[in-house]
Amino acid sequence: MAVATVAPGQPGFWKFAAEAKATQDSVYFTPGKYVVRIENWKLFNTRNGRPTTALETTILSSDDHEGHPIGSKASWLVMLDQDMAGPNLKMAVRDILGVQEDGITEEIFGKIILSDVDPANKGLLSPLAGVIVDVTATNILTRDNNDFTKVVFKKRAKDEPVVQLAHRTRSKVAAAPADV
């Protein structure tokens, strides 16, 4: 990461900022129903070194017109150092592809979730880019009584039209207990 190496007011002071890539905060799914287009699915390390995957999407339809309007972005992150990472990733791949879970292999994961760490993947997109899926996100309580937004994907028929979901009013809803 570039830092300023010249004193303020000196020629070249803003070079570090001009040459930097702009940051963009991730927006995550909140409870609701969505139709999304997958833009990419990547594997990377966070700034503090945690291995993570991010399924990046564009909202095509949403029942939360204020928080997730059409055309906005939403990401599903899975921290791979968590005990439920494997089961959650397998569920997502199973449901996005519409396949039986015993057919999901290490090779399948390696082909659809591209590692940002591998220079061979520079500029490449996941083969799932462009796939349209339904998403349902609900708040649940973990075994440790922490709030968690569970995201479930569902494969759509290729010719299924995308219709605008009815708007719902945002409200605080108590999380339902679940085994996460």
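Colleagues, the model is predicted, so to speak of local features requires pLDDT of at least 70 and side-chain atom pairs count only at pLDDT 80 or more, while totals for chains, interfaces and linings use all residues. Residues are numbered from 1 along each chain as its sequence is written, and side-chain values use heavy atoms, leaving out hydrogens and water.

The protein chain contains three helices and seven strands (DSSP runs, H or I of at least four residues for helices and E of at least two for strands, numbered from the N terminus). Their order along the sequence is α-β-β-β-α-α-β-β-β-β. Of the 180 residues, 30% are buried, meaning under 20% relative accessible area with a 1.4 Å probe, protein chains only.

I turn now to helix H2. Buried residues of H2 include Leu89, Met91, Val93 and Ile96. Among the elements covering the buried residues of H2 are strand S1 (32-45), helix H3 (106-112) and strand S5 (132-141). Just after H2, Gly98 has a positive phi of about 70 degrees.

Which residues have the most contacts inside the largest nonpolar core? They are Phe29, Trp41, Trp76, Ile96, Val135 and Phe153, in a core of 24 residues (buried Ala, Val, Leu, Ile, Met, Phe, Trp, Tyr and Cys joined through side-chain atoms within 4.5 Å). H2 gives this core its largest share, five residues.

Note on methods. Buried means under 20% relative accessible area, exposed over 50%, partly exposed in between (1.4 Å probe, protein chains only). Contact means heavy atoms within 4.5 Å.
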